[in-house]
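Student: I've just opened this one and would like a walk through it. Where do we begin?

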Amino acid sequence: MSTATAEHHDHDDHHGPAKGWTRWLYTTNHKDIGTLYLLFSLVMFFIGGGMALIIRAELFQPGLQMVDPLFFNSMTTMHALVMIFGVVMPAFVGLANWMIPMMIGGPDMALPRLNNWSFWIMPFAFLLLLSTLFMEGGGPAGGWTLYAPLSLQGGDNLAFVIFAIHFMGISSVMGSINIVATIFNMRAPGMTLMKMPLFVWTWLITAYLLIAVIPVLAGAVTMLLTDRYFGTSFFSAAGGGDPVMFQHIFWFFGHPEVYILILPAFGIISSIIPTFARKPLFGYASMVYATASIAFLSFIVWAHHMFTVGMPLAGEMFFMFATMMISVPTGVKVFNWIATMWRGSMTFETPMLFAIGFLVMFTIGGLSGLMLAITPADIQYHDTYFVVAHFHYVLVPGAIYSIMAATYYWMPKWTGNMYDEKWGKIHFWVSTVFLNVLFFPMHFVGLAGMPRRIPDYSMQFADWNAVATIGAFGFGFSQLIFVYVVLKCMKGGEKATTEVWEGADGLEWTVPSPAPYHTFETPPPIR
Amino acid sequence: MLFVLRWLGVVSAALAGQNAFAALGDVNMTVGVTPISQEVYGLHMLIFWICCVIGALVFAVMFYSIFKHRKSKGAKAADFHESTMVEIVWTAVPLIILVAMAIPAARTLIAMEDTSNADVTVKVTGYQWKWHYEYLDSGVSFFSSLDAEHAAARQVGSGVDVSQFEHYLKEVDNPLVLPVGKKVRFLHTASDVIHSWWVPDLAVKKDAIPGFINENWALIEQEGVYRGKCAELCGRDHGFMPIVVNAVSEEEFDAWIAERAPVETMADAGAQTVAATTEDDDADREWALEELMARGEPVYAAACAACHQANGQGVPGAFPAIAGSAVVTGPVDAHIKTVYVGVAGSAMGSFANQLNDVDMAAVLTYQRNAFGNTVGDTIQPAAIKALR
Amino acid sequence: MSESDSNDTSTTLGIRKAHLTLSGKLCLLGIGMFGFGYLMVPLYDIICDITGLNGKTSSVAVSAPRSDGAAVDRLVTVEFVSVVNSSAAWSFKPTKTSMQVVPGRSYTASYEVVNLNGRPAVGQAVPSVAPSSAAKYFNKIECFCFTSQEFDTGGRKEMPLVFFIEEDLPRSIDTVTLSYTYFDTGEPVAVSLSDS
């Protein structure tokens, strides 16, 4: 009786996936949508990476060999927009979709239909964005930060970019609302907040950050739009506005955004290290508090991106101290991970390799971040390749490595097959070597005085730029190994067990591999 | 504290400085030639070594664990997962390090902001894509843009081997001349978009923001040539607006100013010449077509080629072509107005304050008769003068 | 059986309601933050006013100083700087490039502007003071920057500025630079909006 009624109630929920391509168009299943997000992110990764290779190819040698400086500028602009909004954020949302319901013992996301919309907005947003490259006048070339008045100088691509940002923003905010609702309302009985895996915690905090700051970005770009087309003068001194105000509003969004790109990574690493150390995460509670304090601090440090605009001394001091403070909770996290490894019983499968790669190189990026916080020194570092090296060290071996670690870690659960361990390890080692060849020399040229966002440079920077370009092509092409491993794993391979990893702990490892289309329709018991 | 900074700076220069890495090219921040730049360098090396020590400790523990606590070596997992004591320690220790770090940083910052009692004041105005310098005390002012040879070499497909230039992209037509041993105050502003004036050896980097004025200062202790770049993305030729500072003795500086001051201050403040300063600037006489063409070519290279390209073809969709342009081959008045006044809402600004009468007339004439344009007429300097 | 069934329905309804309430609240947060983005505009102006951030001087006239500066024993150099925004063709220069002033006493300076645009035009001067910490001590009794100016083709104006520097300007500041950037704000509106 009850089964029949239940079937009647939740009609969609009880059969498998629909047949044909419309399955993907209409799907409201969290696993399907998660897969869509991840595949979308993978495609964008290669588009954004291709742009990076154009940049590096032009910078291989001094002199302009290939592209017009204006096109070069639009490549740096688009590379950033694509990588941030098209790769890292969708990949994290995809992982959240796949894993959060399974980690908290819920049957699906709270708002499945909203979930479908928030994904399908993304391809349209990026079509809009990428189409500007084929317009007369080319794509946006004022940097992803869209600083006024430079961004107002370009052609009509600005309007396209702004609408694309609006769509991406709406998608992210909808996705975030969904995630918060899922975490608060869909947990299995007994899954208290302080029992949630850290990935869920970091996503909860990230989702709040997104809801809080994406609308601020939306406001800032709307002001740009009305300044450009409707005669307002928010950012024009002539009409009583101030171009510096744009930077303040932008970075009020921009700095929390940086943590949006890294907090879920912290969650992933906090899942993987205990599994392969066969030891529970050290300092779970302090990890949660550290995440929360990083999120809080991220709202009061934005002006450290603007130490050269001419701030009052007191402002510079405040933002310097506040920025330095961030390294405390971040340090706590790193120490906790190492303490988790300490006296564990470690094995080094691909996910663990990526997690350790994350730990080492994110720490390097974090330490250069601490250097950047020192205002007087930052005045020399600002807008040089030192900054480029810094944020690529936290974003590539940080965010991107965490996403790859997560893929290797959970892929057996998604596909039911083990990935090819040998090629996974090759992927890790080749990527890591080239990545450092690519980004480490950027510290040198930056300190030696090479500004960022320039298509051509002086002879003194030639050697290290050539090295970096070799690293870039090596790193770029080694990602094809990743695609190979993923495709191979989707097609078949050694069958994965339910638990997959010996030391795995968590609800997602209690369902069969591959995870059935519907999981936890009756809440699992929580220890 | 300062002593420690200096000492660390010296030690680290010896350890990591020019000697060790000489073969690898420049890999570190310059020590620079001002007291501030030396302090900044000291801070940089101090925080660098602190980071190195922290990094080394963290990685040592981590890699020890990775090698020792592996399953293949028979390690059994311990079960501890909490220790309030440890957590407090590794929150407090970094905090103490940070405070220790913040104190010298704050001291340097205060010194950097103190622009009082300056001996010389230079107003630096950023333009797309050149700098304008004005010595407020003497009224000497001029534009400074990328050296013409470099500008030609850096075009896409120029075929020039740029390694022949020792200071590729760091050479200008008119360098900024400053006296050593004097406190020089810089006033930074911009005329179109945001630029940033950066000379690493002076540890001066300040944004130039249209409509606003920023300050900075430097006391150069050593004669020499110091080179820098625009550090804030400012459009297509952001990478091509270098800065060259020629630091000379006080006497030399005074002589240099005296030599320029009478000429420059008597001329209209707007009438600077981009190409060369010593040429005949008689706007009242009648100029021949050949004369104007010869004069116009270098002016075009300096003032127009950045956008409209050396071959006059422009960049489709972004910058219109000069070759075959309806404006250029059309009525004289409209052509003059486009250059003199600019085009509202576009990257084409007014050149009224950037070119003197003769240069503007020459470049207009040149545009009308080059790149396959064959209008055949001249635009006389007097016509431009009449507009002023 | 049927009891558990109805229970099930009510939980489903309960959850749905919880979802809607929560997402409603989160939406409001999002909309609120969009508003906050705009709120940052006046907020920023207030902060600028208080701290002199960016060297913005007050855009309203003040009345003359109360004292005549007789008790002040120091001189401050005031430098006048002009910038013409490249958006259009103007000549814009201070008539005097610097003067020595006694804090607390009011002085008159002026700028000369010529419209070179070959058309009637409207211009607006935007003030900025360096060091920015001096901005709040720099008071204008009368200034051409309070309004925009209309010019005929080739029109020329000498525009006055009456100002004083407050006596409590910090002693560490010995030079105050006043910069005006002249912006073109387009052609005059054919029908004058202000009948006054």
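Tutor: Let us begin with chain B, whose secondary structure comes to eleven helices and ten strands, where helices (H or I, at least four residues) and strands (E, at least two) are DSSP runs, numbered from the N terminus. This is a predicted model, in which local features need pLDDT of at least 70, side-chain atom pairs count only at pLDDT 80 or more, and totals for chains, interfaces and linings use all residues. Residues are numbered from 1 along each chain as its sequence is written, while chains are lettered from A and ligands numbered from 1 in the order in which they are written.

Student: Okay, and what percentage of chain B counts as buried?

Tutor: Of its 388 residues, 49% count as buried; a residue is buried if 20 or more other C-beta atoms, placed from the backbone, lie within 10 Å of its own, exposed if 12 or fewer, and partly exposed in between.

Student: Which domains is chain B divided into?

Tutor: Chain B has domain 1 (2–69 + 84–113), domain 2 (120–266) and domain 3 (289–385), with bounds that come from an automatic or database domain assignment. The contact takes eight residues from domain 1 of chain B and eleven residues from domain 2 of chain B, and two residues are in contact if their C-beta atoms, placed from the backbone, lie within 7 Å.

Student: What classes of residue are on the domain 1 side there?

Tutor: The side of domain 1 of chain B that touches domain 2 of chain B has four nonpolar, four polar and no charged residues. Here Ala, Val, Leu, Ile, Met, Phe, Trp, Tyr, Cys and Pro count as nonpolar, Asp, Glu, Lys and Arg as charged, and the others, Gly among them, as polar.

Student: Switching topic: how many residues of chains A and B are in contact?

Tutor: On chain A 81 residues are in contact with 81 residues of chain B. The largest share of the chain A side, 14 residues, comes from α12(A), and by class that side has 47 nonpolar, 24 polar and ten charged residues.

Student: Can you show me one residue in that region?

Tutor: Take K205(B), which lies in strand β7 (residues 204–208) of chain B. Leaving aside neighbours within four places in sequence, K205(B) is in contact with T308(A), I379(A), Q380(A) and H382(A) from chain A, and with S196(B), W198(B) and A231(B) from chain B.

Student: Is K205(B) buried or exposed?

Tutor: K205(B) counts as buried because it has 26 C-beta neighbours inside 10 Å.

Student: Back to chain A, then. At what angle do α15(A) and α16(A) pack?

Tutor: They pack at an angle of about 165 degrees, with their axes 7 Å apart, where axes are lines fitted to C-alpha atoms, for helices over the stretch in contact, and angles run from 0 to 180 degrees between N-to-C directions. α15(A) is therefore roughly antiparallel to α16(A), given that angles under 35 degrees count as roughly parallel, over 145 as roughly antiparallel, 65 to 115 as roughly perpendicular and the rest as oblique.

Student: Which residues meet there?

Tutor: Among them are F386(A), H392(A) and Y408(A) in α15(A), and G424(A), F439(A) and L447(A) in α16(A). By class, this contact has 14 nonpolar, four polar and no charged residues.

Student: And what about chain C, how many helices and strands?

Tutor: Chain C comes to one helix and nine strands, and buried residues make up 36% of its 196 residues.
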